[in-house]
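I opened a new structure today and kept notes as I went. Here is what I looked up, entry by entry.

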Amino acid sequence: MKKVLIIHGPNLNMLGYRPKEHYGDLTLNQINQLISKENDSYFELEFFQSNSEGQIITKIQDSLDFYAIIINPAAYTHTSVGIRDALEIFKGIKIEVHLSCVDERDEFRKINYIRDVCDICFSGKKENSYLDAIKYLKKIK
């Protein structure tokens, strides 16, 4: 079975407390459950959340044999050349995901170090952005 790593970046462990208009009503655990349900045992999923840039980079490096990475780099989207470089090394499918539509928010969020090393991006649909990523992987498998 093909392995898919789902990376949740900083502050996503605080979903449920964050502004609902951007991030929705669900907790990270609830989102992971929805992703698993949508996956329906199609792929072997591994979930990872970290508030630390270095831990995210190490996780990507430790997963070079995975089929795909779905990553919500959260705030690191706008600041992390290190995560970008780690994703560039990964040769599998790379999907960028965001709960909110980062391109239509604050000016500083328009800087994106991640997008050009990913195959596709799903954003602005809250938890459905993640579900669209799983549907995409199932379609292209």
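These entries go through strands, cores, rings and cysteines in turn.

**Entry 1: the model.** I noted first that this is a predicted model. I kept that in mind for every entry below.

**Entry 2: strand β1.** I began with β1, residues 3-8. Is it enclosed or open? Five of its six residues are buried, so β1 is largely enclosed by the rest of the structure. I then looked for its partners. β1 pairs with strand β2, residues 44-49, in the parallel sense, and I counted six bridges. In that pairing, Ile 6 stands opposite Phe 47 of β2. β1 also pairs with β3, again in the parallel sense, over five bridges. Here Leu 5 is the residue opposite Ile 69 of β3.

**Entry 3: the largest core.** Next I asked which residues touch the most other members of the largest nonpolar core. They are Val 4, Ile 35, Ile 70, Ile 95, Tyr 130 and Leu 137, out of 24 residues in that core. I then traced where the core comes from. At least two residues each come from β1, α2, β3 (68-72), β4 (93-98) and α5 (127-140). Helix α5 gives the most, with five residues. In soluble globular proteins, nonpolar side chains tend to be buried together.

**Entry 4: Leu 137.** Setting aside neighbours within four places in sequence, Leu 137 is in contact with Val 4, Phe 43, Tyr 67, Ala 68, Ile 70, Ile 93 and Ile 95. There is also a second, separate core of 17 residues. Its members include Ile 71, Leu 87, Val 117 and Cys 118.

**Entry 5: Asn 32.** I turned to a residue in helix α2, which covers residues 28-39. Is Asn 32 buried or exposed? Asn 32 has 14% relative accessibility and counts as buried, because the cut-off for buried is under 20%. Leaving out neighbours within four places in sequence, Asn 32 is in contact with His 8 and Phe 47.

**Entry 6: rings.** How many aromatic pairs are there? The count is three. I wrote down one of them, Tyr 42 with Phe 43. Their ring centres are 5.1 Å apart, the planes are at 75°, and the pair is edge-to-face. Phe 43 is buried, at 2% relative accessible area. Tyr 42 is partly exposed, at 35% relative accessibility. Tyr 42, Phe 43 and Tyr 67 form one aromatic cluster.

**Entry 7: charges over rings.** I checked for charged ends over rings. The charged end of Lys 138 sits over the ring of Tyr 42, 5.4 Å from its centre. The charged end of Arg 18 sits over the ring of Tyr 23, at 4.1 Å from the ring centre.

**Entry 8: cysteines.** How many disulfides does the structure hold? It holds zero. For Cys 118, the nearest cysteine sulfur is that of Cys 121, 7.6 Å away. A disulfide needs the two sulfur atoms within 2.5 Å, so Cys 118 is in none. Cys 121 is in no disulfide either. Cys 118 is buried at 13% relative accessibility, while Cys 121 is partly exposed at 24%.

Definitions and conventions. Residues are numbered from 1 along each chain as its sequence is written. This is a predicted model: local features need pLDDT of at least 70, side-chain atom pairs count only at pLDDT 80 or more; totals for chains, interfaces and linings use all residues. Side-chain values use heavy atoms; hydrogens and water are left out. Buried means under 20% relative accessible area, exposed over 50%, partly exposed in between (1.4 Å probe, protein chains only). Helices (H or I, at least four residues) and strands (E, at least two) are DSSP runs, numbered from the N terminus. Contact means heavy atoms within 4.5 Å. Rings of Phe, Tyr and Trp (its six-membered ring) pair if their centres lie within 6.5 Å; planes under 30 degrees apart count as stacked, over 60 as edge-to-face and the rest as tilted. A charge sits over a ring if NZ of Lys or CZ of Arg is within 6 Å of the ring centre and within 35 degrees of the ring normal. A nonpolar core is a set of buried Ala, Val, Leu, Ile, Met, Phe, Trp, Tyr and Cys residues joined through side-chain atoms within 4.5 Å. Two strands pair if DSSP finds at least two bridges between them.
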